[in-house]
Structures are given as C-alpha cells and as structure tokens.
Amino acid sequence: MNKQCEGPECTSTKVVAYGLCGGHYRQLKLGKELTPLRKWRGRPKAPEGYAYCNECELFKPEDQFHKTAAGKTRYRCKACQSDYQRRTNNEKKVA
Ligand SMILES: [Zn+2]
Ligand SMILES: [Zn+2]
C-alpha cells in the first residue's frame, strides 16, 4: 500500500504532502512547474581516478577536485568551487 509521488516520472514513495515527494513538493511550494527530478542517489560511480562534479555534471580527473578532510573528493570540481565562491562572495558584498 505504498503511496507514490504523483510528480512527473517520479517513482519516489516518500510522499510528504499533496501526493508529492519532498523534491516535487518543494517545486510546488516554489511555484515551479513540476519537472522530473534528477536521480539523486549520491554521486554516480566514477571511473578509477575520476570523480563526478554535481555542479557541471561531468566526470573529471580527481586532481581537478579539492579533497575533504576525510580524503574524499568534494561535490564540486575546483572550477565550479571557485565559481561558487565568487557567487557567494558577491552575494555577501551586496547584502
Ligand atoms: Zn516526486
Ligand atoms: Zn564542476
């Protein structure tokens, strides 16, 4: 008797409200058109020596990623990370 999300192409059974999963409920709340959610089960498995950047959605060599204290690659590659930092810095300056 699992409820399933009514969002487009969604197979999530984690319905939180209005027959929608968390991700689709969020789209609804933001007044956005409901779109298929990207499959997000962590990061795709990258080939040996490569890591996946969640920002540009590409596999890149691990040396293009900063490492966390635990020795894992970060979710963003270095290029996206500096982009991101520039964006957030700008926001801080504006605020
Ligand atoms: Zn959904
Ligand atoms: Zn990237």
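Two strands are said to pair if DSSP finds at least two bridges between them. Strands (E, at least two residues) and helices (H or I, at least four) are DSSP runs, numbered from the N terminus.

The model is predicted: local features need pLDDT of at least 70, side-chain atom pairs count only at pLDDT 80 or more, and totals for chains, interfaces and linings use all residues. Residues are numbered from 1 along each chain as its sequence is written, and chains are lettered from A and ligands numbered from 1 in the order in which they are written.

Start with the whole protein chain in cartoon view. It has two helices and six strands, in the order β-β-α-β-β-β-β-α from the N terminus. Along the principal axes, its C-alpha atoms fill a box of roughly 45 × 40 × 20 Å.

Next, select residues 1-41, then 50-94. These are domain 1 and domain 2, with bounds from an automatic or database domain assignment. Their centres, taken over C-alpha atoms, are 27 Å apart.

Now select 65-67 and 73-77. These are strands S5 and S6, which pair in the antiparallel sense over two bridges. Pick Lys67: its bridge partner in S6 is Thr73.

Which residue in the turn of this hairpin has a positive phi? Select Gly71, where phi is about 85°. Five residues lie between S5 and S6.
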